[in-house]
Amino acid sequence: MGMSQMARSARIFVLIASFRDPECAKTLTDMYEQAADPERVFAGICWQYDSDDPFKCMDPELAWAENVRIDRVPFTESEGVCWARSRAQGFFRGEEYVLVIDSHMRFEPEWDQRLIDELEVCPAKKSILSCYPPSFTLPQKKKYPPPIVNCAETRPLRWPPPDERYPNGSIRGQLDFHILQSKYDTPIRGAFFSAGYSFMPAEVLRTIPYDPYMDWEEEEISYSVRLWTHGWNIYAPREHFLHHLYGRDRDSKGTHYFRRHISKESLIERYLRSKRRCFHLLGVIECNDAAALTDQEQYGLGQERTLRDFEAFSGVHIQSQHVSVRAQESWFSLMSPAHYLNHRWDRLRDGYEFEYEDSRVPPVPSGSRPGAARTVRAGLMDAFADLGVRSLLDLACGGSDWFRPADTSLDRYIGVDFIPEVIGPLKERYSGKKGIEYRLQDIRRPPLPSCDAVLARDCFTHFSYRDIV
């Protein structure tokens, strides 16, 4: 049987943790109604309930009720969302794919087959699909923004940390919208796992099971790192297949909002246990608390990639819980043409027109004026001679007043700038000079000419940090 045939007959296990959620039954109903092949969809739910609630987790008239496996737990016995997801994962029966979602979702037509098809075209062999899904509002108004990739931010907690070794905050995911294009070649590279929407081969759940002792604050960052160190890559779908209900009022007495049903003392206890467990897992702060390290060996890191590589790739610093601009703006997705930074027009050119009251003052900074320029130029030429440099690529060359390539002994000089008013006159002035060339080009866009050395003087000061990277 070919891969596409296997994919069309493959079963999907949908893992759901639901805390007294009146939307859970509607989520299940819509999930089966919109599936291309509902017979192959199986759900495992940890239903944390109150017998006085006027709703159930499933419509008793649901046509596919036999495919739904429910673990019913009184909400007062709940140990948190990761604990609930771990219990729900106990209903896994060897299905070929796993979809992890929240209990307040809506689906697009044929979502099951479309997710499988999307996963198959991911560039890496070990790939999962995960992002924060777009929203819908009640009763069922779906929104369709551009493709979404998970970036990260640090969210402060609502109380001071009881243990000063641990930061008063945690790394959490955030939505980053990509430029809307008519076509993308592949799904978009990401770095952060979203527990509310992840689609993966069943091998992931077998080898990286949900840790029931982790709390909500550390859930996504710890699982992101575990995926990374086991060699799995995260991609965001190019299309929207699911929608999430974000807009419920947390100031109301909604039964779904778990924090309203747990004492502050219990929340702090969970927070500390999870922090100790997570930081110990990541090798940041060693923990001797036996309760925080229960069954730690079952939920450890992999050996295929390192935590430090993850930090370098994603732009987060685990120990301080610091999130850099690189993480906030999802630079790990820059290789995708969908990334919005690949469409940003730099406004440097708008500031090129200078007005000087005294025309005798040259329109260049003091460091580029003749006296300073001679010193810098001489030092550069000495360095080039020591290094054997015979050709130079001058990025953001500007007017070339300070460098004067005709006065050097270089065999080849290429000046590059993206301002036509600068490059035009230079090309005319040096049109007959052998070995001197000027090009009109945005230096952020490849390909660039190949030379022995690259010079970028008074260049990066004009760029944003993201452009510099």
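Q: In which loop is R20 found?
A: The model is predicted: local features need pLDDT of at least 70 and side-chain atom pairs count only at pLDDT 80 or more, while totals for chains, interfaces and linings use all residues. Residues are numbered from 1 along each chain as its sequence is written, and side-chain values use heavy atoms, with hydrogens and water left out. Helices (H or I, at least four residues) and strands (E, at least two) are DSSP runs numbered from the N terminus. R20 is found in the loop between β1 (12–19) and α2 (24–34).

Q: Is R20 buried or exposed?
A: R20 is not a glycine, yet its phi is positive, at about 45 degrees. Buried means under 20% relative accessible area, exposed over 50%, and partly exposed in between (1.4 Å probe, protein chains only). R20 has a relative accessible area of 6%, so it is buried.

Q: What is the relative accessibility of R404?
A: R404 also has a positive phi, of about 55 degrees, although it is not a glycine. It is found in the loop between β17 (391–395) and β18 (412–417). R404 counts as partly exposed because its relative accessibility is 37%.

Q: Which residues does P156 contact, leaving aside its neighbours within four places in sequence?
A: P156 is found in the loop between β9 (148–155) and β10 (170–177), and it counts as exposed at 62% relative accessibility. Contact means heavy atoms within 4.5 Å. With neighbours within four places in sequence set aside, P156 is in contact with N168 and G169.

Q: Where is P139 found?
A: A cis peptide bond, with omega about 5 degrees, joins L138 and P139. P139 is found in the loop between β7 (136–137) and β8 (141–142).

Q: How are α6 and α8 oriented to each other?
A: Helix α6 (residues 216–229) and helix α8 (residues 307–314) pack with their axes 9 Å apart, at an angle of about 110 degrees. Axes are lines fitted to C-alpha atoms, for helices over the stretch in contact, and angles run from 0 to 180 degrees between N-to-C directions. Angles under 35 degrees count as roughly parallel, over 145 as roughly antiparallel, 65 to 115 as roughly perpendicular and the rest as oblique. The two helices, α6 and α8, are therefore roughly perpendicular.

Q: How do the residues of the contact of α6 with α8 divide?
A: On α6, I221, S224, V225, W228 and T229 meet L307, D309, F310 and F313 of α8. These residues divide into six nonpolar, two polar and one charged. Here Ala, Val, Leu, Ile, Met, Phe, Trp, Tyr, Cys and Pro count as nonpolar, Asp, Glu, Lys and Arg as charged, and the others, Gly among them, as polar.

Q: Which residues does L272 contact, leaving aside its neighbours within four places in sequence?
A: L272 lies in helix α7 (residues 264–281). It is buried, with a relative accessible area of 14%. Apart from neighbours within four places in sequence, L272 is in contact with P162 and D163.

Q: How far apart in space are L272 and A292, C-alpha to C-alpha?
A: In sequence, L272 and A292 are 20 residues apart. In space, their C-alpha to C-alpha separation is 8.4 Å.

Q: What percentage of the residues in the chain is buried?
A: The chain has 12 helices and 20 strands. Of its 469 residues, the buried share is 53%.
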